[in-house]
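Thanks for making time this morning.

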Amino acid sequence: MAKIALRLAAFGYLAALLALPVASIFYRAFEHGVIGFWQAVAQPDAIHALWLTLLIAGIAVPLNAVFGVICAHVLVRSHLRWKRILGLLVDLPFAVSPVVVGLALVLLYGNQGWFGPWLAAHGIRVIFALPGMVLATMFVSLPFVVREVVPVMRETGDEQEQAAATLGASPWQTFWKVTLPSIRWGVAYGVVLSAARAFGEYGAVSVVAGRLAGITQTLPLYVDERFESFDLTGAYAASVVLALLALATLFSMNALARKEA
Amino acid sequence: MAISAVAPTVPTKVRSHLRSTTHESFLPVGIVTTFLSVVVLLPLAAIVAHASPGRSFWAAVFQPAALASLEFSLVASLAVAVVNAVAGTLIAWVLVRDKFRGKPLVNAVVDLPFALPTIVAGLTLISLYGPRSPFGINVAYARSGVILALLFVTLPFVVRSVQPVLTELDREMEEAAAALGAGILQTYSRIIFPSILPALISGTALGFARSVGEFGSVVLISGNIPFKTELAAVHIFGQIESGDMGGAAAVSIVLLVLSAAVLVALETLGRRIVRYDG
């Protein structure tokens with residue numbers, strides 16, 4: 001009896017908070033049929049927004065992956081005194097509000113920011129342009145690869161790496177032939193999480209992007225703009241595209257979790 | 001070159017140690033420190049520097065709208081933390097101990113808030129519980145709507161930290177307690193609760209830190225009404241839009257201190273940040 005009650009309570013909570021609301025945007029997006037959905041998705045601004053979202057993730061995620069592996073290596077293998085501080089810095093983006101991240105970048109690279117005058121004199125735009133949006137995305141998706149790779153590296157130990165080194169392998173060879181194969185699923189898992197965050201980032205990017213439709217508008221910003229201009233079909237259609245990306249993420253997470261285990 | 005020349009006489013362990021100190025550690029440490037400084041530390045330093053110290057800092061924080069937004073963020077996040085602690089433990093319990101068909105699917109759904117963009121999360125709630133709600137519930141532009149959005153985005157934290165502990169939990173203790181005549185509630189409060197408490201605290205705290213700074217999921221549903229539905233992050237966004245960078249930086253620092261305190265507290269508790277945090 002108690003068991004059934006607990007199960008129903010858990011299901012009810014998940015359904016009311018997650019499943020039904022998510023299902024409802026699919027319903028709303030297709031309210032006017034598949035053609036209505038397609039027309040909303042095929043808007044030039046929507047396609048540009050999707051393309052920009054993928055481009056930003058395409059720059060930020062590989063950079064984070066490379067950095068993440070190096071950083072995990074340092075956190076696990078080195079004997080630095082300030083290692084704990086590095087670990088805390090890596091986790092910080094989880095705890096910083098996205099808006100604060102955006103503000104920080106504006107204060108650095110904006111017109112009145114520290115580097116603003118120098119950048120303006122050299123004709124480089126960071127804020128209201130692609131570089132700022134990439135930096136914002138990198139900040140918020142930074143910890144994922146590190147946090148996934150650290151436990152895997154710790155568990156594997158460094159005996160194989162030592163053996164490779166004694167047998168005359170260069171550090172570079174050791175990394176490619178020994179270290180990377182042993183952590184690859186951890187890296188893949190971190191990349192998936194990092195990409196999901198990069199596709200969906202709204203707060204930090206909205207501060208630095210300036211929301212120019214068709215120029216600096218990513219897909220999440222497009223959803224917001226369509227909603228505010230009362231084009232609900234457009235907002236729901238773009239949301240469905242983002243939700244499908246999220247479902248693909250979940251699917252990959254599950255597949256990878258099984259490979260890791 | 002020098003290393004290979006002395007190699008035959010140097011024991012293996014020492015040699016690999018030599019190699020690792022001369023070639024391996026310097027470059028990665030330099031890269032990591034530089035990258036973290038440029039991407040994370042420098043921007044945060046800019047915020048601290050821009051919040052002018054002294055009177056104007058406190059004036060910006062104690063400005064009525066700013067204070068109200070900070071207060072609402074704090075109260076809402078505490079309420080969300082309490083609900084999460086209960087609901088998250090319940091869901092983790094059902095996922096570990098109950099048997100039903102389709103469990104892998106339910107398990108995967110729990111991660112949805114980490115994968116779904118926050119703006120979409122807000123839109124899904126408006127679509128079902130907004131002005132056009134099929135249930136006739138309308139939480140748009142109300143504090144309850146903001147709480148709902150915060151519950152949505154923080155749902156996985158407690159579930160994902162408590163779940164592995166429950167899986168590892170030794171059932172013999174519970175059986176022994178039951179055999180000795182303990183009721184369900186007694187078994188829970190004396191055996192299960194103490195074992196999951198550290199994980200419960202860490203999951204709840206991570207969810208709290210997340211909701212204190214939450215922005216994307218609440219912008220559509222809250223309507224951003226000052227003194228009513230405006231969270232601190234939304235308030236900061238408004239200040240940035242109106243060009244009040246000093247004020248925005250001051251409120252940001254309060255948020256930064258709050259979330260850094262939670263992180264440091266967790267770190268001191270000696271708990272690794274759980275695997276699924278987002």
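At what angle do H3(A) and H10(A) pack, and how far apart are their axes? The angle is about 145°, and the axes are 9 Å apart. Keep in mind throughout that this is a predicted model.

Stay with that pair for a moment. H3(A) and H10(A) cross in the right-handed sense. On the H3(A) side, the contact residues include Thr53(A), Ile56(A), Ala57(A), Ala60(A) and Val61(A). Further along H3(A), Asn64(A), Ala65(A), Gly68(A) and Val69(A) also take part. H10(A) answers with Val187(A), Gly190(A), Val191(A), Ser194(A), Ala195(A), Ala198(A) and Phe199(A). By class, this contact has eleven nonpolar and five polar residues, and no charged ones.

A word on the spacing. An α-helix has 3.6 residues a turn, so residues three or four places apart point the same way. Look at Ile56(A), Ala60(A) and Asn64(A) in H3(A) with that in mind; they are among the residues in this contact.

Now the other partner of H3(A). Helix H3 of chain A covers residues 44-77, and helix H4 of chain A covers residues 83-95. They pack at about 145°, with axes 10 Å apart. This time the crossing is left-handed. Which residues meet there? From H3(A) come Cys71(A), Val74(A) and Leu75(A). From H4(A) come Lys83(A), Leu86(A), Gly87(A) and Val90(A). The classes in the contact of H3(A) with H4(A) are five nonpolar, one polar and one charged.

Let's step back to chain A as a whole. Chain A has 13 helices and zero strands. Its C-alpha trace spans about 70 × 65 × 30 Å along the principal axes. Chain A has 261 residues, and 49% of them count as buried. What about sequence separation? Take the contacts in chain A between residues at least 6 apart in sequence: 74% of them join residues at least 24 apart.

Next, domains. The assignment for chain A gives domain 1 (1-30) and domain 2 (33-260). Their C-alpha centres lie 30 Å apart. The contact between them takes six residues from domain 1 of chain A and eight residues from domain 2 of chain A. The domain 1 side of that contact has five nonpolar residues, one charged and no polar. For chain B, the assignment gives domain 1 (1-50) and domain 2 (56-268). There, the C-alpha centres lie 38 Å apart.

On to the two chains together. How many residues does each chain put into the contact? Chain A gives 75 residues and chain B gives 73 residues. On the chain A side, the largest share comes from helix H1 (residues 2-29), with 17 residues. That side of chain A divides into 56 nonpolar, twelve polar and seven charged residues.

Now some local spots. Helix H12 of chain A runs over residues 219-228 and is mostly covered, with eight of its ten residues buried. Among the buried ones are Leu219(A), Tyr222(A), Asp224(A), Arg226(A) and Phe227(A). Just after H12(A), Phe230(A) takes a positive phi of about 60°.

Why flag that? Most residues other than glycine have a negative phi, and most peptide bonds are trans.

Asn224(B) has a positive phi near 50°. It lies in the loop between helix H12 (219-222) and helix H13 (232-241) of chain B. Buried or exposed? Asn224(B) is partly exposed, because 18 other C-beta atoms lie within 10 Å. Phe227(B) sits in the loop between H12 and H13 of chain B. Its phi is positive too, about 70°. Phe227(B) counts as exposed, because it has 12 C-beta neighbours inside 10 Å.

Two last residues. Ser170(A) is in the loop between helix H9 (159-166) and helix H10 (171-200) of chain A. With 12 other C-beta atoms within 10 Å, Ser170(A) is exposed. Thr268(B) lies in helix H14 (residues 245-268) of chain B. Thr268(B) counts as exposed, because it has 8 C-beta neighbours inside 10 Å.

That's my tour. Happy to take questions.

Technical notes. Residues numbered from 1 in each chain as written. Chains lettered and ligands numbered in written order. Predicted model: local features only at pLDDT ≥ 70, side-chain atom pairs only at ≥ 80, totals over all residues. Helix = DSSP H or I, 4+ residues; strand = E, 2+ residues; numbered from the N terminus. Buried ≥ 20, exposed ≤ 12 C-beta atoms within 10 Å, placed from the backbone. Axes fitted to C-alpha atoms, helices over the stretch in contact; angles between N-to-C directions. Left-handed = near helix turned anticlockwise from the far one by under 90°. Contact = placed C-beta atoms within 7 Å. Nonpolar A, V, L, I, M, F, W, Y, C, P; charged D, E, K, R; others polar. Domains from an automatic or database assignment.
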